[in-house]
Amino acid sequence: MTPARQSANFPPLRMVLTETREARAHYELGVMYASLDGPQRDEAEAARWFQSAAGQGHALAQYALARMFQVGQGVPPDLEQALAWYRKSADQGYPLAEYALGRLYRAGQGVARDPQVAAKWYRKAAQQGCAEAQNDLGVMHERGDGVAQDPGEAAAWYRKAAEQGYGPAQNNLGFLYERGRGVARDIDVAVTWYREAAARGLARAQLNLGILHERGEGVAQDHRAAAEWFRKAAEQGLAVAQNNLGFLYERGRGVERSLADAERWYRQSAEQGYAHAQNNLGVLFASGRGVALDHVEAGKWFQKAALQGLPIAQYNLGVMYQAGQGVAPDPVQARRWFEAAAEGGNPGAQYNLGVLHEHGLGVPLDYACAADWYRQAAAQGDAFAQQNLGGLHFFGRGVPQDFVEAHKWLNLAAARFPPAEEARRARAARNRDVVAKHMTAAQIAEAQALARDWRAKPGIASPRTSAAAPATGGSIGADADRSPRARWMRGWRARQAEPGDPDQT
């Protein structure tokens, strides 16, 4: 791996420049005034000397002056002037000016956003070895932003920057190896690149190493090491790491269990707007764990996360409206939030909607619609939904009567209820045995085989099928669940970057 590239505002990169001795002297005076410490530093004087050199065609001075106009150092901020000077420098082939132009076009700062023009300038700078441009060009190829989406091309540009020691590119290349995107999946190589970036203090790479240690992927599972990596990233202010560290404190994994520390880290993350931390902080207030019980405060945090589209928070907010905790009871609002969460794949919300439709609670009674919601939750392994879906199949409510399907779902429910739900587990087993009395030995064997081969599927946000007309029939008496679950759900976002959201400069 090559040594790390120089990092400075005005680096002496190898290039061909047309300059006079006077222009060079004026540029160096500008650098001196801009670099002095304390009261001797004089940005206005630096800008004056840069402007003199820039007017004589000195490319580095043009770039330096453009930066000062962009951020308002020594001169009033003026994006139009910044663009003009960046362009003069870039037209002479100065790579950092080319890169800066690319960033402005990509962000739409001072110009109309144009990712294709941005990619053109990035490419010019990247071909001269500018690591930042190589990384950001890789980001554009990974996303398909202004260029054809091509993870292999993204990996090639990330590698060029990573081999110069550029931390964000090392992290991004590690992420591609972890996911097997554009390269053959190799978790060991991913760990190597993450370590390189983490050693340079990159918070996202530290987060990623924490996640791998937490999961035991590519490294030995080590909750203590996970906590230490999360802490390094959290102390740099990375909201995802703060949330994950809070989760470890809440569970006592790799650290001594401390609800006070969990609340502290959740709050730091939540105040940055991180939806999962907002939900987790809401759970603490809703349950009075580590903080005083406060449903109003819980509702505030659930709503912040729910408005960002987080299904688990939408479910929790629906529970509050259904139960009238911290808010006035409002079944319409409860259903609205359950529907939002259910469409996002949350099984608790899907189950609750099934109950509402099965029993006509605030909605027209509609067994077919109930079956549809139960089916979506049951497919994710929700034992409550599996039990009720088994009941609908037994009586043919909203679905064809099918004893094999009824037995399968009740059998699965009986196996999946946790120890804390022993009464429900026993109920599901009892109902399964009732169904078995209506079946032949061959049908029972078929149902048992289906249950053995069944695998839970992750929740997918997708439109539900249209509901058929309500069916009629009996129920499995008092053994059927008749009310929505009011169960707080927490979750942690153990992910370093969203798909297609690599680090960029």
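Analyst: Happy to! Buried means under 20% relative accessible area, exposed means over 50%, and partly exposed lies in between, using a 1.4 Å probe and protein chains only. Here, tyrosine 63 and tyrosine 86 are both buried. A word on the source: this is a predicted model, where local features need pLDDT of at least 70 and side-chain atom pairs count only at pLDDT 80 or more, while totals for chains, interfaces and linings use all residues. Residues are numbered from 1 along each chain as its sequence is written, and side-chain values use heavy atoms, leaving out hydrogens and water.

User: How many aromatic pairs are there by the ring rule?

Analyst: Rings of Phe, Tyr and Trp (its six-membered ring) pair if their centres lie within 6.5 Å; planes under 30 degrees apart count as stacked, over 60 as edge-to-face and the rest as tilted. That rule gives eleven aromatic pairs. For tyrosine 63 and tyrosine 86, the ring centres are 5.9 Å apart and the planes are at 45 degrees, so this pair is tilted.

User: Which helices hold tyrosine 63 and tyrosine 86?

Analyst: Helices are DSSP runs of H or I with at least four residues, and strands are runs of E with at least two, numbered from the N terminus. Tyrosine 63 sits in helix H3 (residues 59-71) and tyrosine 86 in helix H4 (residues 79-91), so the pair ties together parts 23 residues apart in sequence.

User: Which residues do ring pairs link into a cluster?

Analyst: Tyr351, Tyr374, Phe384 and Phe417 are joined that way.
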